[in-house]
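Please look through the sequence and the fold below before reading on. The report then moves from the whole chain to its sheets and to some of their strands.

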Amino acid sequence: MVSIEIYGARGSYGTDFKQSRGFGNSTTCLGLWLDKEVIFFDAGSGLPLAQETMRERSPEAVTIALSHLHHDHTSGLLGTEQMYFNPKGVEVDIIGPYKIFTGLNLEFAKFVSPIPLDILTNLRQISSLPPNHSFRTQTGQEVTSFVAGWHPSNSGLIEKDLHFDFHRDYGVQGYIIEAERKKIVFSTDMEFRYYRDLDNNIIPFTKDQTQARINQLIRAAYGADLLIMDGQYNELEYEKFRGYGHATFEGVYEIALAAKVKKLIITHHKPGRSDTDLFEISRRLNRRSNLEVFIAKQGSVIEV
Ligand SMILES: [Zn+2]
C-alpha cells in the first residue's frame, strides 16, 4: 500500500497560532510510505514527528528529497533521531538541487544550527540531483527530479558558477516517483507569474513564459495518482506577495485539473491561516469537479 503521512503542512515558518492548530503549524514534511521504505518530501520542522512511525515500521531505506534549502524545508533535520543513529543500521540519503552540500551547510550555519552539518552522523550521502535525473534509493526505487516554477534562491548560491542558471531561473525542484503502480508528484514553493531579478526587482513573466512553466509542471504531473503542491495564497493575498516564490490554491487547482491528476494535496499553508478558512477552502474546491482535493493536515494519512 502506498500512503502519504503528513508531518508538516505550514509554509515559510513554524508558529503556534491557536486558530491554526487543527491543521498544524509545523513546516513542510510529507512521508511517502512504500512497502519497505520511506521517502520524505522536504525536512521542515515536521520531520521529527516522523520518528515514531519510523521506529514502528523500521524502513529498509530512508531518503529525504529536498525541493530547496530554505530553513522551513530543512530545519527538522536537526531534531530527528534517525539523523544521528539508527539501531537497525539504516543510514539516511539526502538528495536535492545543485550545490546541496554547500547550500545545506550555509542554511545550518545561518539559520538552523550553531553546529555544522556534520553533526548529523547517520547520513550515508548528500547528493545533488540535477533536473530530469534519477536517483535510486537503497532498495532500488527511482526518484526523478524536474523543474517548472521559480523560487528565490539562496543568496550564497547565486554567484556565477556552473549552475548559475538553475539558481537564477528555478531555484527549486520537484520530484516524481512511480512505485507500486502509482505515480506521485511533489512540487512546492513554485511561482509562475512573477520572479525577482538579481537586484531584487519583482518582474512579471510574459504570458508565454508563465504558460511554458505551467506546461512543464503539467507534463511532470500528467495523469498522476497524487499531486502535492504549494498553494500558500489566495488570489487577493498573492497581489501583496508577488516574487515570494509561491502559487495560489486557485492556480494550483487549475493546474491539477489540466494535468488530469486523481488526487491533489494542497500544502504549505500561509502561516496563521485558520482551521476554519482551510475547511472552507476544502469545501469550496471539492464542490467544483470530481478532482479529490485534500488540504494537508498535520498528522493525517492519505492513501494513494
Ligand atoms: Zn517554503
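## Contacts and overall form

Two residues are taken to be in contact if their C-beta atoms, placed from the backbone, lie within 7 Å. With that cut-off, residues 24 or more positions apart account for 71% of the contacts in the protein that have a separation of 6 or more. The model described here is a predicted one.

The protein has seven helices and 16 strands. Its radius of gyration is 18 Å, close to the 19 Å that the globule rule gives for 304 residues, so the protein is as compact as a globular protein of that length. The C-alpha atoms fill a box of roughly 50 × 45 × 40 Å, taken along the principal axes, and buried residues make up 49% of the 304 residues.

## The sheet from strand 7 to strand 15

Seven strands form an open sheet in the order 7-8-9-10-13-14-15, with mixed pairing. Strand 7 (134-136) and strand 15 (292-295) stand at the edges with a single partner strand each, so one side of each is left without a neighbour in the sheet. From one strand to the next, the twist averages 20°.

Within this sheet, strand 8 (residues 142-146) and strand 9 (residues 174-179) run antiparallel and are joined by four bridges, and Thr144 stands opposite Ile176 in strand 9. Strand 14 and strand 15, by contrast, pair in the parallel sense over four bridges, with Ile266 opposite Ile295 in strand 15.

## Strand 15 and the helices

Strand 14, helix 7 (residues 275-288) and strand 15 together make a right-handed β-α-β unit. Another helix, helix 6 (residues 249-258), lies across strand 13 (226-230), strand 14 (263-267) and strand 15, and runs at about 160° to strand 14.

In a regular strand the side chains alternate between the two faces of the sheet.

Key:
Residues numbered from 1 in each chain as written. Predicted model: local features only at pLDDT ≥ 70, side-chain atom pairs only at ≥ 80, totals over all residues. Pairing = 2+ DSSP bridges. Helix = DSSP H or I, 4+ residues; strand = E, 2+ residues; numbered from the N terminus. Axes fitted to C-alpha atoms, helices over the stretch in contact; angles between N-to-C directions. Right-handed = clockwise from strand over helix to strand, strands pointing away. Rg over C-alpha atoms; globule rule 2.2 N^0.38 Å. Buried ≥ 20, exposed ≤ 12 C-beta atoms within 10 Å, placed from the backbone.
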